[in-house]
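Have the sequence and the coordinates open as you read.

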Amino acid sequence: MAGVRMVTRSRSRSRGSGAGPRGAGEEAAAVRKGEANAEGKISHGPAKRQRKTQKLSVAYEASDDEKEGAKPPEAPGWEPPDWQQQLVNIRTMRSGKDAPVDQLGAEHCYDPSAPPKVRRYQVLLSLMLSSQTKDQVTAGAMQRLRARGLTVDSVLQTDDSTLGALIYPVGFWRSKVKFIKQTSAILQQRYGGDIPSSVAELVALPGVGPKMAHLAMAVAWGAVSGIAVDTHVHRIANRLGWTKAATKSPEKTRAALEAWLPRCGRVGAGGAALSLPPPLTSHLHRELWSEINGLLVGFGQQTCLPVRPRCQACLNRSLCPAARSLGGS
């Protein structure tokens, strides 16, 4: 048998030019590889068809405040730099509790033996009389009223001229006669002779402002609803730098103080607990919002006076921003 020679044809082709269609494909792959190398994207394997990447755009919807052009909220945490030490010093100066407010304030003007709702009414009335009036004058008017039996009914049965004579010389006594009569009638008709138990209802009464309402809540109802700010607290808070910016009214001062002053807490030098007079409530910490009014009012009556403050006798003279410019005697 003649020998048969098996010839196996290689599937590979020459890589030279003119290698046919497969050679052209390899040239295209080489071009792609060169382009990748040029872009710094070196591929070590056969070229693969790249999947087209879809770019996503991210959009954020503006909030309602941003749409209305409102300013972003301020970063929380502002507080006066020396307020804790200033407060400790004021507590020390007020530890004697010998200012007029300590003996003649609203919490001392009612009849402790009267029924609860009568006591609350007397607290509110003393606060209405105290506006633009010294504590001594308010206390005298309350004594004369109580001597006649101070209740909602007794006030409504008293004619205006007699009521005016009893409360004179409190500030704006004529207007207060009208407000007391109007408020007493509302209390009789709507509250059964008692006083409201919310700030909103209290300030709706004729002649009752925010300071009176917050004090009435604290003294009459034993509830801390806010900081009671009168002219003393308003003046001293601005002198001490307890407002982030100067305020023009007691209400603006109240809002500024409540924005940073802790509602309650222990405040002492270096954060230590204090061994000064006990807190106003049974809580472990002092109710700072309740304390501020009586503390600063007495301080304003004795030391930080409206005119010629006694800066030289004040423990805060080196910490008070206003002390140098005031130059108190």
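Q: In which helix is S126 found?
A: The model is predicted. In it, S126 falls within residues 116-130. That stretch is helix α5.

Q: Is S126 buried or exposed?
A: The relative accessibility of S126 is 2%. Buried means under 20%. S126 therefore counts as buried.

Q: Which backbone oxygen does the side chain of S126 reach?
A: S126 sits in α5. Its side chain comes to 2.7 Å from a backbone oxygen. A polar contact needs N or O atoms within 3.5 Å. The oxygen belongs to V123.

Q: Which residues does S126 touch, not counting residues up to four places away in sequence?
A: S126 is buried, at 2% relative accessibility. Leaving out residues up to four places away in sequence, S126 touches A106, C109, T138 and M142.

Q: Are α5 and α9 roughly parallel or roughly antiparallel?
A: Helix α9 covers residues 173-190. The axes of α5 and α9 come within 11 Å and cross at roughly 155°. Angles over 145 degrees count as roughly antiparallel. So α5 and α9 are roughly antiparallel.

Q: Is the crossing of α5 and α9 left-handed or right-handed?
A: The two axes come within 11 Å. Where α5 passes α9, the crossing is right-handed.

Q: How do the residues of the contact of α5 with α9 divide into nonpolar, polar and charged?
A: From α5 come Y121, L124, L125, M128, L129 and S130. They meet K176, F179, I180, T183, S184 and L187 of α9. The division is eight nonpolar, three polar and one charged.

Q: Is L295 buried or exposed?
A: L295 lies in helix α14, residues 288-302. Its relative accessible area is 4%. The cut-off for buried is under 20%. L295 is therefore buried.

Q: How far apart in space are L295 and R94, C-alpha to C-alpha?
A: In sequence, L295 and R94 are 201 residues apart. L295 touches R94, along with L87, I90 and R91. From C-alpha to C-alpha, the distance is 6.9 Å.

Q: What share of the contacts in the chain with a separation of 6 or more comes from residues 24 or more positions apart?
A: The chain has 15 helices and zero strands. Of its 329 residues, 37% count as buried. Among contacts with a separation of 6 or more, the share from residues 24 or more positions apart is 61%.

Terms used. Residues are numbered from 1 along each chain as its sequence is written. This is a predicted model: local features need pLDDT of at least 70, side-chain atom pairs count only at pLDDT 80 or more; totals for chains, interfaces and linings use all residues. Side-chain values use heavy atoms; hydrogens and water are left out. Helices (H or I, at least four residues) and strands (E, at least two) are DSSP runs, numbered from the N terminus. Buried means under 20% relative accessible area, exposed over 50%, partly exposed in between (1.4 Å probe, protein chains only). A polar contact is a pair of N or O atoms within 3.5 Å; within protein, one must be able to donate a hydrogen and the other to accept it, and residues adjacent in sequence count only if both atoms are side-chain atoms. Contact means heavy atoms within 4.5 Å. Axes are lines fitted to C-alpha atoms, for helices over the stretch in contact, and angles run from 0 to 180 degrees between N-to-C directions. Angles under 35 degrees count as roughly parallel, over 145 as roughly antiparallel, 65 to 115 as roughly perpendicular and the rest as oblique. A crossing is left-handed if the near helix is turned anticlockwise from the far one by less than a right angle, and right-handed if clockwise. Ala, Val, Leu, Ile, Met, Phe, Trp, Tyr, Cys and Pro count as nonpolar, Asp, Glu, Lys and Arg as charged, and the others, Gly among them, as polar.
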